[in-house]
Amino acid sequence: MSSIKVMVPRLANMIAAGEVVDRPASIVKELVENAIDAKADHVTISIEEAGMKKIEVTDNGHGMTHEDAKLAFLRHATSKIMNESDLSHIRTLGFRGEALAAISAVGKVMLKTRLAHEVGTFVTYHGGVLVDEGSATLNEGTVITVTDLFYNTPARFKYMKSEAAEKNAIIDMFDRLALSHPSIRFHLSIDGKTVKETVGDGDYAHLIDAVYGRRMTADMTVFEESVQKITVKGYLLSPKISRSRKKDISLFVNGRYFKNYKFTQAVIDGYHSFLMVNRYPIALIHLTLDPNLIDVNVHPQKLEVKFAGESLIGYHLETFVKDALMKRNHAVQEAYEKREPVQETYVRGELLAEEASDAFQETVSGKLPEMEYIGTYAGTYLLFQNEKALYLMDQHAAEERIRYEHYYHALSHPKKARAHLMIPYELNLTHDDFEHLKEGLSHFGEYGFSFNETLAVTGIPTWLRDDEIELAVETMIAMLVEKNRIDLAGLRDRLAKDISCKGAIKANQSLNRAEVESLYRRLKTCRNPYTCPHGRPTVIELSEYRIERMFRRVV
Ligand SMILES: Nc1ncnc2c1ncn2[C@@H]1O[C@H](COP(=O)(O)OP(=O)(O)O)[C@@H](O)[C@H]1O
Ligand SMILES: [Mg+2]
């Protein structure tokens, strides 16, 4: 057995680096956080080949002396905390003194920096070793250039996801950094092209529009509340612009982006009655509180934050979101329900879930029997009878099933004719989704979509209704992002489900006899008439025997 030795610092740094900088996006994060801590109000990020070739961050912050520039690369070297007590009131984004040491351990770094009224200087580190230093010309502030990332850690290099995935991670990171600082002007360019920029005028509406895309804040709800010395400020985008992923719910505490399952869920629950099932909002929640009430020192990447009284805060957050949306979106919600009548049914659907096993026992199976319509109960349940039983049909669930099968069938032949739109349809997508759309344009062509040069929709497949364009395009984009392709079976199921519940008749919309009979006839032709596409029953049977038992006529 060989004896134990303490590692040389260079090796220790390389090992530790893996926790701080595991991919290009985390380097972008650390460098931009340093710029913010240096009080910059203009930060430019330039990326080449998803950061593997080059990451450069330029700021107009306070800069450093030449000596500090060298010290900054030592592990645990920081200007932000000095003693243990500082650890409990951290106001800066960095404090661990690890980032530059870690980055220089896994790549080649050149740092140029200049204090006000001084001359500029530079230092260059390769794999953690100082290889060059001298004077440099630049404006006040700091420029850090990282090249040849992971050149000395081939295992990590191989581990990188696709260039597209790394690029998306960088853009996501940029969004979060930009969204946390409305007064800083940010600029991101990738391979020489401007991808996003913010104005830094302190206005959240401008900021959100810059990050997510134009017109996004049109129906935005803003609230400010406080609970237990915490100020909670929320920017809630209209529920009409829902997403298929949760990632656009962003949480910030004292200007730091963080992840927290409970709080994210609280926001989703607050939006609950405004959104369809499996749809998520775009929302920003900023918490401001005394730094000693939280612990950000949970993980090297500082993405987790511990709160005292987390559950209680989550509970209040949900209420704030719900109340604010109620106040602001009354009119919106009514209009929304008219267009998208599913809301209530879903609420009921969830309640039903617990009783579902019971209900299913009463569900008939096999072919839908001949039965006669006798009336409607509670504006929602259609009552039918025949010689054997009494039947209750949920008119919304039944319509959903019918529409689902219609779309499922239509989508089985997706290459069919294309309908041209007289007026091109302007999509309400985020910047990122527009980018994904651009990249995946050929996939859309295959399904009968066409676009003009501004990416407004000019043609749609004939099976799609005008008011379903947005949903279809967004579903397809989500698939492209998740799987890099649109898989027909998955799309068919997902779209058919979404579209079918969107347009289906509302739970308590009254139907006349002819409409009821048409519904019954159409349901009868369905391959699986007994459940809605989400698995809830459409028809429940109360047999004569069961009714007699309820009246204790038989035992
Ligand atoms: N862009 C910058 N402008 C001014 N100073 C910087 C910049 N980047 C890093 N520094 C200095 O280098 C130190 C080390 O940075 P870093 O390794 O990220 O650790 P931390 O941010 O945790 O202190 C910082 O404390 C700061 O003094
Ligand atoms: Mg730092």
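A search of the whole structure, which is a predicted model, finds four cavities of 30 Å³ or more. On a 1 Å grid over the protein atoms alone, a cavity is a set of points where a 1.4 Å probe fits but cannot get out, while a pocket is an open set with protein on both sides within 12 Å along at least five of seven lines; lining residues have an atom within 4 Å of a point. Grid points are joined across faces, edges and corners, and a volume is the space filled by probe spheres set on the points.

In this predicted model, local features need pLDDT of at least 70 and side-chain atom pairs count only at pLDDT 80 or more, whereas totals for chains, interfaces and linings use all residues. Residues are numbered from 1 along each chain as its sequence is written, chains are lettered from A and ligands numbered from 1 in the order in which they are written, and side-chain values use heavy atoms, with hydrogens and water left out.

The table lists the volumes.

| Space | Volume |
|---|---|
| Largest pocket | about 1100 Å³ |
| Second largest pocket | about 630 Å³ |
| Largest cavity | about 80 Å³ |

The largest cavity is lined by 13 residues, with K29, E33, L177, S180 and Y257 closest to its centre. Helices (H or I, at least four residues) and strands (E, at least two) are DSSP runs, numbered from the N terminus. At least two lining residues of the largest cavity come from each of α2, α6 and β12 (256-258), and α6 has the largest share, four residues. The classes are nonpolar (Ala, Val, Leu, Ile, Met, Phe, Trp, Tyr, Cys and Pro), charged (Asp, Glu, Lys and Arg) and polar (the others, Gly among them). The lining of the largest cavity holds six nonpolar, three polar and four charged residues.

Turning to the largest pocket, 39 residues line it, and A164, K167, N168, A169 and H436 lie nearest its centre. Two or more of its lining residues come from each of α2 (24-37), α6 (163-180), β8 (193-197), α13 (431-439) and α15 (469-483). The most come from α6, with nine residues. This lining has 18 charged, eleven nonpolar and ten polar residues.

The second largest pocket has 29 lining residues; N34, A72, S79, K80 and L100 are the closest to its centre. Its lining takes at least two residues from each of α2, α3 (66-71), α4 (99-106) and β6 (141-147), and α2 supplies the largest share, five residues. By class, 13 are nonpolar, eight polar and eight charged.

Ligand 1 takes the space of the second largest pocket; a molecule sits in a pocket if more than half of its atoms lie within 2 Å of its grid points. Around ligand 1 are 19 residues, of which N34, T78, S79, K80 and G97 come nearest; a residue is near a molecule if one of its heavy atoms lies within 4 Å of it. This shell is made up of seven nonpolar, eight polar and four charged residues.

An oxygen atom of ligand 1 lies 2.7 Å from a polar side-chain atom of K80. A backbone N or O atom of L100 is 2.9 Å from an oxygen atom of ligand 1. The side chain of T142 has an N or O atom 3.4 Å from a nitrogen atom of ligand 1. Of the 530 Å² of accessible area that ligand 1 has on its own, the protein covers 94%, by the Shrake-Rupley method with a 1.4 Å probe.

Technical notes: A polar contact is a pair of N or O atoms within 3.5 Å; within protein, one must be able to donate a hydrogen and the other to accept it, and residues adjacent in sequence count only if both atoms are side-chain atoms.
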